[in-house]
Amino acid sequence: MPRFYTIGNKMATRCMMAQLAISGARMPNRASVIIPPMKVSELGEFGLIDLIRSCTTQDEISGRTPRHEVLIGIGDDAAAWQGDSQIQLATTDTLVQDIHFDLDVISWEELGWKAMAVNLSDIAAMGGIPKYALLSLALPGGLDAADISRFVNGMTHVAREFGVAIVGGNVAASPNVVITMTIIGCAKGKAVLKRSTACPGEHIPITV
């Protein structure tokens, strides 16, 4: 994982533009999707997801992305695409301090358990098998290292139980704790479960 560092907005933009130039990519001349005159808070979670889906659909229509490999895209518990030999799954979730958890209430071990479990449940909801995890942490510099060890212990306890290997991630500085976990897995067979295929009368397991 890289060391903590801060980069200014102008420098970050220049770096991004340089990378785009090297790759041959071009910045769009105008927006492909009409952005509604609304605040993010007015859109809400699902409205924001719909907006992102609308923006990415433009590339799919133009053929600039390998859409033919994607089986399930934005909007379900996990994304699914056809791999060389089986269907691959990926899901990600972010936990933000004082929004999704309160460090005065939850222990670091419990927080690590939760960060892993909420992503594992998404793979399970698709009827899949979790394989690998990527962990990104944004942390205040004043935190005790022992607390992070407790967090990782809680996370790895769940990972071992379900045979998941933590294979990488990222760290950054932040005034609050922000945890982003990504799980990559695969389908058990040649199909995955989708929200849209749920039928009346079926049982619904709930993870807490």
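A word on the model before the close-ups. This is a predicted model, where local features need pLDDT of at least 70, side-chain atom pairs count only at pLDDT 80 or more, and totals for chains, interfaces and linings use all residues. Residues are numbered from 1 along each chain as its sequence is written, and side-chain values use heavy atoms, with hydrogens and water left out.

View 1. You'll find 4 helices and 6 strands in the chain, running α-α-β-β-β-α-β-α-β-β from the N terminus on. Helices (H or I, at least four residues) and strands (E, at least two) are DSSP runs, numbered from the N terminus. Of the 208 residues, 26% count as buried; buried means under 20% relative accessible area, exposed over 50%, and partly exposed in between (1.4 Å probe, protein chains only). Take the contacts between residues at least 6 apart in sequence: 75% of them join residues at least 24 apart, where contact means heavy atoms within 4.5 Å.

**View 2. The largest nonpolar core.** In soluble globular proteins, nonpolar side chains tend to be buried together. A nonpolar core is a set of buried Ala, Val, Leu, Ile, Met, Phe, Trp, Tyr and Cys residues joined through side-chain atoms within 4.5 Å. The largest one here has 31 residues, and Leu111, Met116, Phe151, Ile179, Met181 and Ile183 touch the most other members. Two or more residues come from each of β3, α3, β4 (128–139), α4 (145–161) and β6 (178–187), with α3 giving the largest share, 6 residues. Zoom in on Ile183 and, leaving aside neighbours within four places in sequence, its contacts include Leu89, Met116, Leu120, Pro130 and Val164.

**View 3. Asn119, a buried polar side chain in helix α3.** Asn119 is found in helix α3 and counts as buried because its relative accessibility is 0%. Its side chain reaches the backbone oxygen of Ala115 at 3.0 Å, and a polar atom of that side chain lies 3.2 Å from the backbone nitrogen of Asp93. Beyond neighbours within four places in sequence, Asn119 is in contact with Thr91, Thr92, Asp93, Met181 and Ile183.

**View 4. Gln97, in a loop.** Gln97 lies in the loop between β3 (87–96) and α3 (108–125). Gln97 has 16% relative accessibility, so it counts as buried. A polar atom of the Gln97 side chain lies 2.8 Å from the backbone nitrogen of Val177. Leaving aside neighbours within four places in sequence, Gln97 is in contact with Leu103, Asn176 and Val177.

**View 5. Val167 and a nonpolar surface patch.** Tyr132, Leu134 and Val167 make a nonpolar surface patch of about 270 Å². Val167 is found in strand β5 (residues 165–173) and counts as exposed because its relative accessibility is 51%.

**View 6. Val192 and Ala80.** Val192 is found in the segment after β6 and is buried, with a relative accessible area of 18%. Val192 and Ala80 are 112 residues apart in sequence, yet 8.1 Å apart in space, C-alpha to C-alpha.

Terms used:
Patches are made of residues with over 30% relative accessible area and no salt bridge: like charges are joined within 9 Å, nonpolar side chains (Val, Leu, Ile, Met, Phe, Trp, Tyr) within 5 Å. Accessible areas come from the Shrake-Rupley method with a 1.4 Å probe; for residues, only the protein chains shown count as cover. A salt bridge is a side-chain nitrogen of Lys or Arg within 4 Å of a carboxyl oxygen of Asp or Glu. A polar contact is a pair of N or O atoms within 3.5 Å; within protein, one must be able to donate a hydrogen and the other to accept it, and residues adjacent in sequence count only if both atoms are side-chain atoms.
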